[in-house]
Amino acid sequence: MSLTTLLQALVSGALVGCLYALIAAGFSLVLSVSRGLNLAHGELVVLGGYAGYAAWLLLGVHPLLLVPLAALATLPLGLVWDRLTARLAPPVELWSCVLTFGLSLLLQSAMTGFWSGEYRLLASPALGRGVALGGVALSHARLAAALVALAAVGALALGLRRARWGRAIRATSLDRDAASLLGIDVERATRLAFILSFGLAGGAGLLFATIHYLYPAAGSELTLLAITLALWAGIGRMRALLLGGIALGVVEALTAAVAGTGWREPALALLLLASLLARGGALARGFGRPS
């Protein structure tokens with residue numbers, strides 16, 4: 001591997017990794033407050049991508065202007081997920097897997113029926129160009145996705161730390177009973193976490209559609225990615241999630257550069273297995289303190 005190829009893989013992987021952190025942020029948020037695994041998270045990202053893609057075809061505006069619209073498209077489902085999760089019997093960790101696995105299949109079938117199984121890419125001319133720095137090519141689409149993802153993750157981290165609603169979510173994720181005794185409306189905080197999570201998933205879906213092909217089954221890989229990052233970073237830790245996303249993007253890019261793009265998914269699966277087996281997995285130690 002030449003030095004230029006190595007630099008290209010590192011930079012491209014880091015840019016995509018910022019988007020991976022945004023995708024995993026919503027998954028981690030829901031897991032922190034509900035203790036439930038949302039196995040349909042990847043399908044929600046894909047659904048946001050399809051919504052953004054359809055709006056782009058209809059309106060023809062710059063794709064980045066449609067990020068809020070894609071986020072709004074998935075928000076109502078957050079309320080549905082919140083109500084369904086609230087009805088689960090203990091252990092929530094187990095039954096949430098069963099429930100959301102079924103919902104993921106339902107979403108995949110709905111997306112296949114509505115958009116068919118064809119591969120679609122939001123290939124806007126506004127993001128089709130790129131720049132070259134020292135022999136490393138940077139596409140506008142990847143740069144834009146990384147910058148928007150960084151802004152969104154940073155805003156979420158700031159809100160969780162400084163805003164009243166953020167402190168309520170953090171307190172609920174740490175100890176639901178104690179938060180309730182302190183006067184925090186834990187049901188409202190949980191509902192807000194679901195809404196934020198689904199909005200982030202929808203917005204991330206549009207960014208994903210500008211650099212990756214959309215197809216109904218694409219969500220499985222994204223859910224796997226979110227679980228892996230949650231294992232690495234711990235629950236609700238946004239800074240660690242961002243660093244983990246960049247590391248995962250770099251590993252994925254290096255794997256593709258060395259062994260070919262066909263090894264990206266197997267490499268991700270192996271990373272997940274290794275994380276589960278590792279004693280240092282933050283998830284294995286319990287639910288970490290949000291940052």
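Predicted model: local features only at pLDDT ≥ 70, side-chain atom pairs only at ≥ 80, totals over all residues.
**Entry 1: α1 against α9**

I began with helix α1, which spans residues 3–34, and helix α9, which spans residues 219–233, and found that their axes come within 9 Å and cross at roughly 80°. That angle makes α1 roughly perpendicular to α9, since angles of 65 to 115 degrees count as such. I then listed the residues that meet: Tyr-20, Ala-21, Ile-23, Ala-24 and Phe-27 on the α1 side, and Leu-222, Leu-225, Ala-226, Ile-227, Leu-229 and Ala-230 on the α9 side. Sorted by class, this contact holds eleven nonpolar residues, with no polar and no charged ones.

**Entry 2: the nonpolar core**

Next I looked up the largest nonpolar core, which has 75 residues, and noted that Leu-19, Leu-22 and Met-238 have the most contacts inside it. Helix α1 supplies the largest share of this core, with 15 residues. For Leu-19 I set aside residues up to four places away in sequence, and the residues it touches were then Ala-149, Ala-204, Leu-207, Phe-208 and Ile-211.

**Entry 3: Ala-25**

I stayed in helix α1 for Ala-25, which is buried with a relative accessible area of 0%. Not counting residues up to four places away in sequence, Ala-25 touches Leu-156, Leu-200, Met-238 and Leu-241; Met-238 is also one of the residues with the most contacts inside the largest nonpolar core. I also checked Ala-25 against Leu-207, which is 182 residues away along the chain, and their C-alpha atoms are separated by 15 Å.

**Entry 4: aromatic pairs**

A pair of aromatic rings is described by the distance of the centres and the angle of the planes. My count came to seven aromatic pairs, and I followed two of them in detail.

In the pair of Tyr-50 and Trp-115, the rings are stacked, at 4.4 Å centre to centre with 5° between the planes. Tyr-50 belongs to helix α2 (residues 41–59) and Trp-115 to helix α4 (residues 92–115), so this pair ties together parts that are 65 residues apart in sequence. Tyr-50 counts as buried at 0% relative accessibility, and Trp-115 is buried as well, with a relative accessible area of 16%, because the cut-off for buried is under 20%.

**Entry 5: Thr-190**

Last, I looked up Thr-190, which lies in helix α8. With a relative accessible area of 5%, Thr-190 is buried. Which residues is Thr-190 in contact with, leaving aside its neighbours within four places in sequence? I found Val-33, Asp-82, Thr-172 and Arg-176.

Key:
Residues numbered from 1 in each chain as written. Heavy atoms only, no water. Axes fitted to C-alpha atoms, helices over the stretch in contact; angles between N-to-C directions. Helix = DSSP H or I, 4+ residues; strand = E, 2+ residues; numbered from the N terminus. Parallel < 35°, antiparallel > 145°, perpendicular 65-115°, else oblique. Contact = heavy atoms within 4.5 Å. Nonpolar A, V, L, I, M, F, W, Y, C, P; charged D, E, K, R; others polar. Core = buried A, V, L, I, M, F, W, Y, C linked by side-chain atoms within 4.5 Å. Buried < 20%, exposed > 50% of the residue type's maximum accessible area, 1.4 Å probe, protein only. Phe/Tyr/Trp six-rings, centres within 6.5 Å; stacked < 30°, edge-to-face > 60°.
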